[in-house]
Amino acid sequence: MKKLYLTLALGFGLAIGAGAATQATSTASAASYSVVASQSMTKTAYHKASTKGAVYNLSHTRKLASLKSYPNTTWYATKKVTLKHGNSKAVYYKVKNGAGSVSGYVWHTYLAKGVAPFNLKYARGAVALNADTNKVLWSKAANTPRPIASISKLMTLYLVEKKVADSSAGWNSTVNTSYSGLKRMGNSSVYGGFKFTKNSYTVKQLYQAALIESSNNAAIALGQWVAGGATPAYNKAFIKMMNNQAAEWHLGKATFVSANGMEQNALRTYGYSVSGGNANMVSPKDVALIASHLINDYPAVLEDASHASLNVSGQLCYNYNNLLPGRKYYQASLNVDGLKTGYTDLAGYCFVGTGKKAGHDRLITVVLHDENEFTETRALMNEVYNKDLI
């Protein structure tokens, strides 16, 4: 109990002076909180003013919530109460969060007037980008490189599109998929999905498998095809092409060591590890710029990305984008039509979302190392539109 009363007394101490706080601490256990004055007030929005503070019941016998645990919460005050504790008096607000799940009393000094600034609770890095201007609209650690898992495939798919557009190769060109490591990868319960039951597929089939199903073996096979071969040596050549493309775009926070986003410790089992680091490391801003290049240079990618599922060479490819129509987090007004999910233990949940709301430029959002990638993406998109940022 001494620790609790010391914390409470220190709050009053800022109002009455350090000496009085010491005296209040010594008598806290013997004193109780009593209401000196109470006044209703117009419902007013507040948010936490610092990392300190907590919500208590009126008698201060129970701590209901720490303000630190609600970093981006708006608290609505409806009453101003003056409480007496020992010889000290202080003003508290009776507050409730927007969800109505927590209500109680907070010392007024711990609150700042106004709605809480928007933030994402879980994503360690995030960005919202205007795809038409490449202007950053909102960001969180936007320039910090992080492992990006399967959203790495956006760079791979860009280079596939580039080869198809710039050479005699077409979407019906044949890709050699006979390498044993790729077949084993496709059969893996963790890294598989699209199985290589044949020794060749078309570029379009593997493109759809890599984009929609997020097929890891399809992405590597496509990369090797872009580089001119069908073995791990050509995979290394393709990774160099990925880094060269990033340098050409002046993406200073992007380094690639795999065509599909798997980490080296996993790729080693299949004969596809390379030197240079364990994971693709890319910042949220650079991920958004890669997506912007892909969408603007080759907008047909959205036709495939918007499929909830697709049958490719007899196999059902399932799209894990849960912001698409009919999915759990779908919101019609956002008009989401892409783009790419990703996950590894190291990278966490990653997602590149995009949509074009009526009357607005196209929006691209990126969340890296998230826990609720779809709810946070949806919240970020709504924030951009609600604040007329795009």
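Biologist: What does K96 stand opposite in β6?

Modeller: K96 faces S103 there. The two strands, β5 (residues 88-97) and β6, run antiparallel with 5 bridges between them. Strands here are DSSP runs of E with at least two residues, helices are runs of H or I with at least four, and both are numbered from the N terminus.

Biologist: What makes β5 and β6 a pair?

Modeller: Two strands pair if DSSP finds at least two bridges between them. With 5 bridges, β5 and β6 therefore qualify. They form a hairpin with 5 residues between them, and G100 in the turn has a positive phi of about 80°.

Biologist: Before we go on, what kind of model is this, and what got counted?

Modeller: It's a predicted model: local features need pLDDT of at least 70, side-chain atom pairs count only at pLDDT 80 or more, and totals for chains, interfaces and linings use all residues. Residues are numbered from 1 along each chain as its sequence is written, and side-chain values use heavy atoms, with hydrogens and water left out.

Biologist: What makes the approach of N217 to S215 a polar contact?

Modeller: The rule wants a pair of N or O atoms within 3.5 Å; within protein, one must be able to donate a hydrogen and the other to accept it, and residues adjacent in sequence count only if both atoms are side-chain atoms. The side chains of N217 and S215 come to 2.6 Å, so that one passes. The N217 side chain also reaches the backbone oxygen of L182 at 3.4 Å, which is within the cut-off too. Among the contacts of N217 beyond four places in sequence are M185, F194 and F196.

Biologist: How do you know T354 is buried?

Modeller: T354 has 0% relative accessibility, so it counts as buried. T354 lies in strand β18, and its side chain reaches the backbone oxygen of L363 at 2.8 Å. Its contacts, leaving out residues up to four places away, include I295, L302, L339 and M381.

Biologist: Which sheet has β18 in it?

Modeller: An open one of 5 strands, ordered β9-β8-β19-β18-β17 with antiparallel pairing. β9 (135-140) and β17 (336-344) each have a single partner strand, so one side of each has no neighbour in the sheet. On average, neighbouring strands are turned by 10° against each other, direction ignored. Helix α11 (residues 373-386) packs on this sheet, touching β8, β9, β17, β18 (348-355) and β19, and its direction makes about 145° with that of β19. For such angles, axes are lines fitted to C-alpha atoms, for helices over the stretch in contact, and angles run from 0 to 180 degrees between N-to-C directions.

Biologist: Why is V287 called buried?

Modeller: V287 comes out at 2% relative accessibility, so it is buried. It is part of helix α9 (residues 284-297). V287 and V366 are 79 residues apart in sequence, yet 7.2 Å apart in space, C-alpha to C-alpha. V366 is one of the contacts of V287, as are I148, I151 and V352.

Biologist: Last one: how many disulfides are there?

Modeller: The count is 0. A disulfide would need a pair of cysteine sulfur atoms within 2.5 Å. As for cysteines, C317 is buried at 0% relative accessibility, and C350 is buried with a relative accessible area of 0%.

How values were computed: Buried < 20%, exposed > 50% of the residue type's maximum accessible area, 1.4 Å probe, protein only. Contact = heavy atoms within 4.5 Å.
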